[in-house]
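The sequence and structure are shown first.

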Amino acid sequence: MNKSITQVNQNDKQISKSIKRFFTRFHISSALKASNAYKKKGIPVVEVFQYLFLLIFSNRSMYMSLITGKNSPGFAKDTVYRFMKMFQINWLHFTTLLASRIIKDAIVPLDSENRTNVLIIDDSMFERNRSKKVELLAKAYDHANHRYRFGFRMLTLGWSDGSTFLPINNVLLSSENKKNRVNEASDLDKRTVGYKRRMLSMQKGTQAMLELLKAAKKADIPAKYVLFDSWFSSPSTLHAVKSIGYDVIGMVKKTPKMFFRYNGEDLSLLTIYNQNKKKCGRSKYLLSVIVDVVKNGEIIPAKVVYVRNRNKKKEYLCLISTNTTLDENEIIRIYGKRWDIEVFFKVCKSYLNLSKECNSLSYDAMTAHTAVVFTRYMMLSLESRESNDSRSLGELFLYFSDEMSDITWIQAFQMLLQMFRTMLSDNTELSEDKIGELVDTFMNTVPALLRTQLQAA
């Protein structure tokens, strides 16, 4: 019994040391200050932020910590509530700045110059079904479960090099349709960050996505391509992302209502497919064509790749790339990196208390909570990378170790095959079993001390 208690204490000390090293190494305090999170007097905001960050590893909520007196902070709970409700803090800028520091200082130096880095866009439900007084609460459609729920769509922008995924920023989308909003936003000064954050939450997902990409571009986060699924793919989106300075590799819906210019005619992808001869034999894709994406008279050339389903000959997926020089197999391989964000969502919900820890009615508090969860994942992802990459231990290993492997084409194609098994007519979500496998793979790479604490939580 005593040995067990001693081991737990040692684990807690080692975890605390890792967290302090992370906060110091990437200057969390200065990142908070740059995001307008500071106080002229009283408890420093970095201490409050660190307390919120540590809650997941204490296996207790803030309420239970205060009751039991264990791991209770040196400040009142109202201090925490006031901090989370501070509408002047720019949390979008904070997570973007922190991710940029981690990528540039810790990950990019370990990658070769030929590594293809990507940005990934996707959304997931942030449920608040038990309370109808939450600010900006809306009725949103959950594409994973095919039903409407009360909550928000957590639109997230992430970065991946094929080996490591880092969340960059996000916005909790309410609804642009006033009829779908249960509650409206609080009245704030239009010059404040809080007001702008609320206005962003009531925009369409495709418009909010562009704001997240602009923030990443401003932070100079290294990436060549933006990846997203069919929910965000449209000619207008392709043009908008291209104008920001990124190429797109995305999945496109096989709908007769969306047209691309092919051989001088505006045709749907279904029509283009039917007009062309398909590849036979063991080719992994059925067809590859060059089309023009036309919007308001502007034209962008793009390559469309029809990926075969070897199990069902009549089924196929459509991938589009605004970089027409890419090989078809390379387009498939790069798009395979998009599944990293599915693992991120699953880990955040299952292990990092994304939708359980914060019960505040304030939109600012929920935004602050997601920033805390994103920071937790960043630390875990970095620990996972460095615990498996021996070159991070010192320069000596640089000469004896190969670069950590990027996602292979075979892995990407296997992911596409898995998606075939569960896709419906207009929905291409991974199955729960597959996502569970990916999450287990990620958690197995996390250092044992952190993994034990998270599984206990």
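## Contact of H8 with H9

In this predicted model, the H8 side of the contact with H9 consists of Thr-206, Met-209, Leu-210, Leu-213, Lys-214 and Lys-217. These residues meet Thr-237, Ala-240, Val-241 and Ile-244 in H9. Classified by residue type, the contact of H8 with H9 comprises 6 nonpolar, 2 polar and 2 charged residues.

The two helices span residues 205–218 (H8) and residues 235–244 (H9), and their axes lie 10 Å apart at an angle of about 15°. Because angles under 35 degrees count as roughly parallel, H8 is roughly parallel to H9. The crossing of H8 and H9 is right-handed.

## Contact of H3 with H5

Helix H3 covers residues 45–58 and helix H5 covers residues 77–84; they pack at an angle of about 95°, with an axis separation of 10 Å. H3 and H5 are therefore roughly perpendicular to each other, given that the range for this class is 65 to 115 degrees.

From H3, the contact draws on Val-45, Val-48, Phe-49, Tyr-51 and Leu-52, and from H5 on Thr-79, Val-80, Phe-83 and Met-84. By class, the contact of H3 with H5 has 8 nonpolar residues, 1 polar residue and no charged residues.

## Contact of H7 with H13

Helix H7 (residues 193–201) packs against H13 at an angle of about 85°, and the axes are 11 Å apart. This angle makes H7 roughly perpendicular to H13.

On the H7 side, Gly-194, Arg-197, Arg-198 and Ser-201 take part, and they meet Tyr-363, Asp-364 and Thr-367 of H13. The contact of H7 with H13 divides into 1 nonpolar, 3 polar and 3 charged residues.

## The largest nonpolar core

In soluble globular proteins, nonpolar side chains tend to be buried together. The largest nonpolar core of this model has 129 residues, and the members that touch the most others are Phe-83, Leu-119 and Tyr-306. Helix H13 (residues 363–388) supplies the largest share of this core, namely 13 residues.

Which residues does Tyr-306 touch, not counting residues up to four places away in sequence? They are Leu-269, Ile-272, Tyr-273, Tyr-285, Leu-286, Leu-287, Val-289, Tyr-316, Leu-317 and Cys-318.

Note on methods: Residues are numbered from 1 along each chain as its sequence is written. This is a predicted model: local features need pLDDT of at least 70, side-chain atom pairs count only at pLDDT 80 or more; totals for chains, interfaces and linings use all residues. Side-chain values use heavy atoms; hydrogens and water are left out. Axes are lines fitted to C-alpha atoms, for helices over the stretch in contact, and angles run from 0 to 180 degrees between N-to-C directions. Helices (H or I, at least four residues) and strands (E, at least two) are DSSP runs, numbered from the N terminus. Angles under 35 degrees count as roughly parallel, over 145 as roughly antiparallel, 65 to 115 as roughly perpendicular and the rest as oblique. A crossing is left-handed if the near helix is turned anticlockwise from the far one by less than a right angle, and right-handed if clockwise. Contact means heavy atoms within 4.5 Å. Ala, Val, Leu, Ile, Met, Phe, Trp, Tyr, Cys and Pro count as nonpolar, Asp, Glu, Lys and Arg as charged, and the others, Gly among them, as polar. A nonpolar core is a set of buried Ala, Val, Leu, Ile, Met, Phe, Trp, Tyr and Cys residues joined through side-chain atoms within 4.5 Å. Buried means under 20% relative accessible area, exposed over 50%, partly exposed in between (1.4 Å probe, protein chains only).
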